[in-house]
2 protein chains.
Amino acid sequence: MEKTSLIGLDWGTSALRAYLFARDGRVIERARSDAGIQALRDAGFRAAFEAVCAPWLAARPDLPVIASGMIGSRQGWHEAPYVATPAGFAQLASGLLRIDRDAGRPFAIVPGVSTAPASGPADVMRGEETQVFGALSGDAASGRRRARVVLPGTHSKWVEVLDGQIVAFRTYLTGELYAVLSEHSIVGRLFPSRDDPAHGRWATHAFSQGLERASADPAGLASLLFSVRAEGLLGRYPADALPSYLSGLLIGAEIAHARSDPMHAGPTSAPLTIVAAPELAQRYAFAFRRLGVDAAPAGGEPAAAGLFAIATAAGLPLAAA
Amino acid sequence: MEKTSLIGLDWGTSALRAYLFARDGRVIERARSDAGIQALRDAGFRAAFEAVCAPWLAARPDLPVIASGMIGSRQGWHEAPYVATPAGFAQLASGLLRIDRDAGRPFAIVPGVSTAPASGPADVMRGEETQVFGALSGDAASGRRRARVVLPGTHSKWVEVLDGQIVAFRTYLTGELYAVLSEHSIVGRLFPSRDDPAHGRWATHAFSQGLERASADPAGLASLLFSVRAEGLLGRYPADALPSYLSGLLIGAEIAHARSDPMHAGPTSAPLTIVAAPELAQRYAFAFRRLGVDAAPAGGEPAAAGLFAIATAAGLPLAAA
């Protein structure tokens with residue numbers, strides 16, 4: 001077996017993704033389990049990690065481990081306090097929480113990043129900081145002074161990086177709004193049910209109309225959301241187009257606001273880097289094209305690349321013999 | 001007993017409110033039950049109505065009845081099709097749905113009102129049209145050419161009336177967003193639980209800050225919603241202030257958008273009329289003062305006054321002997 005140096009864990013709410021790194025940072029092997037922190041309690045964390053990495057640890061029991069994501073939250077294994085913006089490799093590396101004793105080996109948790117301006121809303125991230133640095137390492141973006149990364153999802157993040165530091169960011173509740181409105185509100189009452197063949201079908205026209213309406217009037221989002229119900233009641237959209245219309249409204253409002261956010265009004269005209277799983281990245285890429293925003297998906301595996309880079313800044317990986 | 005002329009029913013999702021009218025339109029008696037349409041199915045509608053009005057019907061079995069609200073929806077007793085804007089007394093009266101046979105007496109259901117502009121979002125109301133005409137009848141507002149009514153609630157409505165007709169309106173999902181985000185999303189995860197003495201406590205400062213942040217940046221609502229979580233995690237607000245902060249954000253975004261809505265950009269500077277139950281009317285009145293908007297609560301009982309006025313336009317009440 002090739003010489004290994006580090007295990008990286010991208011450990012979120014609903015999944016645990018593990019990477020085995022070679023000494024030069026390449027990913028040699030991958031593993032995944034459903035042991036997100038939601039499914040675990042206290043004693044379960046170590047066992048879950050050892051289970052998913054068992055073959056790697058059997059071969060090399062002293063491999064150090066670095067983990068990022070909700071594993072470092074209050075509901076996770078141990079709470080890793082947030083590091084305030086501006087935050088780069090140095091701040092993240094010195095903010096690493098070591099839990100070697102509980103983990104039975106060198107084990108570091110990457111801190112989250114927070115921002116708390118005196119006169120504006122607070123914000124937090126946990127896990128995305130690692131993906132951001134991973135997305136910017138090793139590709140064309142890394143040479144730029146200023147970069148912007150968008151990480152669509154349950155809690156979409158828009159992140160501004162300047163000279164290798166996260167200087168500002170904004171979270172949008174986009175994905176979670178979609179889920180709770182679909183499942184628990186009148187907005188989703190007309191949607192096809194889970195056992196309907198039309199469930200989950202994609203309606204491009206309705207998605208585009210949602211995008212356009214919300215990006216033309218993002219301040220009216222709370223009213224546009226009700227229009228999902230009204231359009232359905234009046235028969236202007238078939239029921240199976242309503243979920244796409246809702247998705248378009250939420251993504252359209254997010255993009256319109258983020259584009260006009262003073263935080264993104266810097267001197268750059270660099271394209272946005274999109275970090276997301278393929279299906280969601282495609283949906284956002286479609287939205288960006290439709291709204292005339294220059295954006296491109298990140299290459300490689302941002303979480304893995306970020307984990308290795310932060311670990312390296314902290315001197316964690318086993319050195320070449 | 002004074003001579004009676006009509007029974008009016010304000011029959012919504014969660015409650016049934018009944019009014020017994022004198023021949024001049026005054027309310028002689030009131031009754032209320034929890035038999036909202038949510039709690040009923042088919043055969044239950046007539047029984048629920050007869051139960052709540054039993055003493056009135058015993059004295060005068062031939063009293064005609066008019067009902068407004070969700071009782072006329074697809075989930076209600078019979079669906080009363082929407083009347084399109086512009087809609088005044090004449091349109092509502094001629095759109096009344098008669099269900100005399102099923103009800104065993106003269107029984108009319110007020111239609112809802114819809115708007116479906118070719119290039120904008122659709123909207124619907126059901127029940128509010130009756131309250132709007134009730135609020136504008138009999139008080140100083142009735143003499144004005146143009147009036148605006150706001151009906152805060154689960155689905156807040158902003159209604160523009162011109163020459164006695166509803167010409168435009170907008171629904172905001174404000175109250176429902178508050179409920180689903182509190183109960184089903186990460187936004188409410190830190191809120192005091194129902195059995196906590198701090199549950200439901202009012203935090204004026206947090207409410208005001210929410211109002212101000214959202215009215216300064218209503219297009220950022222989906223991001224401000226996440227700040228409820230972040231402000232709590234970072235300890236900038238105590239947990240028992242977070243619900244008030246969320247309420248302020250939602251109401252602030254609603255008011256800011258509605259004020260700038262072209263639909264409300266007419267030549268009037270007439271004050272807004274607020275139609276809501278006392279606690280909610282007070283909360284909105286506080287918000288309007290804070291944001292410098294001239295608004296005053298409607299007097300009297302808008303639903304009752306509207307029911308009598310629409311019934312009269314249709315010739316429904318028993319005439320004076």
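Reader: What makes A:Trp11, A:Phe45, A:Phe49, A:Trp77 and A:Phe107 a cluster?
Author: In this predicted model, these residues of chain A are linked into a cluster by ring pairs, and rings count as a pair if their centres lie within 6.5 Å. The search of the whole structure finds 26 aromatic pairs over all chains. One of the pairs is formed by A:Trp77 and A:Phe107, with 5.2 Å from centre to centre and 70 degrees between the planes.

Reader: Why is the pair of A:Trp77 and A:Phe107 called edge-to-face?
Author: The term edge-to-face applies to planes over 60 degrees apart, and the planes of A:Trp77 and A:Phe107 make 70 degrees. The pair also links distant parts of the chain, since A:Trp77 belongs to the loop between β4 (65–68) and β5 (83–84) of chain A, whereas A:Phe107 belongs to strand β8 (residues 107–109), 30 residues apart.

Reader: How do you know whether A:Trp77 is buried or exposed?
Author: Buried means under 20% relative accessible area, so A:Trp77, at 13%, counts as buried. A:Phe107, with a relative accessible area of 0%, is buried as well.

Reader: Why is the pair of B:Tyr284 and B:Phe288 called tilted?
Author: Planes under 30 degrees apart count as stacked and those over 60 as edge-to-face, with the rest called tilted; the planes of B:Tyr284 and B:Phe288 stand at 55 degrees, with the ring centres 6.2 Å apart, so the pair is tilted. Both residues lie in helix α10 (residues 278–290) of chain B, where a spacing of 4 residues separates them by about one helical turn. B:Tyr284 counts as buried at 2% relative accessibility, and B:Phe288 does so at 1%.

Reader: What makes A:Arg126 a residue that lies over the face of A:Tyr82?
Author: For Arg, the CZ atom has to be within 6 Å of the ring centre and within 35 degrees of the ring normal; A:Arg126 lies over the face of A:Tyr82 at 4.4 Å from the ring centre. In chain B, B:Arg126 lies over the face of B:Tyr82, also at 4.4 Å from the ring centre.

Reader: What makes β6 and β15 of chain A edge strands?
Author: The open sheet of 6 strands in chain A has the order β6-β13-β12-β11-β14-β15, with mixed pairing. β6 (87–88) and β15 (295–297) each have a single partner strand, so one side of each is left without a neighbour in the sheet. For β15(A), 3 bridges join it to β14 (residues 272–274), and these strands run parallel; A:Leu272 has A:Ala295 as its bridge partner.

Reader: Which helix packs on the sheet?
Author: Helix α8 (residues 221–233) of chain B does, touching β12 (156–162) and β13 (165–172) of chain A, and its direction makes about 100 degrees with that of β13(A).

Definitions and conventions: Residues numbered from 1 in each chain as written. Chains lettered and ligands numbered in written order. Predicted model: local features only at pLDDT ≥ 70, side-chain atom pairs only at ≥ 80, totals over all residues. Heavy atoms only, no water. Pairing = 2+ DSSP bridges. Helix = DSSP H or I, 4+ residues; strand = E, 2+ residues; numbered from the N terminus. Contact = heavy atoms within 4.5 Å. Axes fitted to C-alpha atoms, helices over the stretch in contact; angles between N-to-C directions. Phe/Tyr/Trp six-rings, centres within 6.5 Å; stacked < 30°, edge-to-face > 60°. Buried < 20%, exposed > 50% of the residue type's maximum accessible area, 1.4 Å probe, protein only.
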